[in-house]
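Subject: The structure we talked about

Hi there,

Here is the structure for you to open alongside this note. Have a look around it first, and then read on for what turned up.

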Amino acid sequence: MGKNKFIVKDLLYLFTILLAIWLALTLSLKIDELLAGILISLIISFALYKNFQKIGLPLLSIKKIIYIILYILVLLKEIIAANIDVAYRIIHPKLPINPGIVIIKTELKQDLAKMILANSITLTPGTFVLDIDDDKLLVHWINVKTDDLESATQKIGRRFEKYLKIIFS
């Protein structure tokens with residue numbers, strides 16, 4: 001009986017996430033589109049709930065939802081700032097770059113959290129995560145300001161990691 005309780009909980013959780021994504025993408029509450037979203041979300045939930053259990057998504061709470069929203073806002077701000085920085089480097093006559101590869105360290109434990117951190121770093125122009133090895137990320141940086149592990153970690157990863165730690169706690 002206990003195992004079935006977890007299956008139902010995971011199914012409902014996955015269904016809720018998928019339906020929320022459907023609603024966000026369609027921006028419609030028309031009955032036919034809503035029913036299609038419910039049906040598709042149910043089918044995908046039943047097909048993928050076992051894989052979903054392996055992913056390790058955190059259970060949501062109000063605090064985590066607030067941190068997800070804050071994380072998205074910080075990510076957007078960092079993407080905009082990095083785009084401006086890279087555009088400046090492109091149009092500057094002397095192209096001030098100092099490319100290199102640095103290692104940063106993460107305190108995140110879950111693989112999914114590390115992947116989200118790596119993707120966030122890669123989404124900000126000027127940085128690209130080449131590899132994740134346990135608690136270290138190998139990052140190509142367009143303008144290396146430091147090769148010190150702690151300083152590079154602070155400049156590249158901490159801006160995202162502090163939110164991800166709470167989301168995945």
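A word on terms before the sheet: two strands count as paired if DSSP finds at least two bridges between them. Please also keep in mind that this is a predicted model.

**The sheet**

With that in hand, you will find an open sheet of three strands in the order β1-β3-β2, paired in the antiparallel sense. The edges are taken by β1 (100–105) and β2, each of which has a single partner strand, so one side of each is left without a neighbour in the sheet. On average, neighbouring strands here are turned by 25° against each other, direction ignored.

The hairpin of β2 and β3 has two residues between the strands, and Asp 134 takes a positive phi near 60° in it. β1 and β3 are also antiparallel, over six bridges, with Gly 100 standing opposite Trp 141 of β3.

**Helices on the sheet**

Which strands does α4 lie across? The answer is β1, β2 and β3, and α4 runs at about 160° to β2. α5 packs on the sheet as well, where it touches β1 and β3, and its direction makes about 90° with that of β1.

**How α3 meets α4**

Two packed helices are described by the angle between their axes and the distance between the axes. For α3 and α4, the axes come within 9 Å and cross at roughly 30°. Angles under 35 degrees count as roughly parallel, and that makes α3 roughly parallel to α4. On the α3 side the contact is made by Tyr 71, Leu 75 and Ile 79, and on the α4 side by Ile 116, Ser 120 and Leu 123. By class, the residues of this contact are five nonpolar, one polar and no charged.

**The two pockets**

Rolling a probe the size of a water molecule over the atoms shows where empty space is left. The largest pocket holds about 460 Å³ of space. It is lined by 16 residues, and those nearest its centre are Leu 57, Leu 60, Ile 68, Ile 116 and Ile 167. Two or more lining residues come from each of α1 (2–26), α3 (62–91), α4 (111–123) and α6 (158–167), and α3 gives the largest share, five residues.

What classes of residue line the largest pocket? The lining has 16 nonpolar, no polar and no charged residues.

The second largest pocket has a volume of about 260 Å³. Its lining also has 16 residues, and closest to the centre are Asp 85, Thr 127, Trp 141, Lys 145 and Arg 159.

Happy browsing, and do write back with any questions!

Conventions: Residues are numbered from 1 along each chain as its sequence is written. This is a predicted model: local features need pLDDT of at least 70, side-chain atom pairs count only at pLDDT 80 or more; totals for chains, interfaces and linings use all residues. Side-chain values use heavy atoms; hydrogens and water are left out. On a 1 Å grid over the protein atoms alone, a cavity is a set of points where a 1.4 Å probe fits but cannot get out, and a pocket is an open set with protein on both sides within 12 Å along at least five of seven lines; lining residues have an atom within 4 Å of a point. Grid points are joined across faces, edges and corners, and a volume is the space filled by probe spheres set on the points. Helices (H or I, at least four residues) and strands (E, at least two) are DSSP runs, numbered from the N terminus. Ala, Val, Leu, Ile, Met, Phe, Trp, Tyr, Cys and Pro count as nonpolar, Asp, Glu, Lys and Arg as charged, and the others, Gly among them, as polar. Axes are lines fitted to C-alpha atoms, for helices over the stretch in contact, and angles run from 0 to 180 degrees between N-to-C directions. Contact means heavy atoms within 4.5 Å. Angles under 35 degrees count as roughly parallel, over 145 as roughly antiparallel, 65 to 115 as roughly perpendicular and the rest as oblique.
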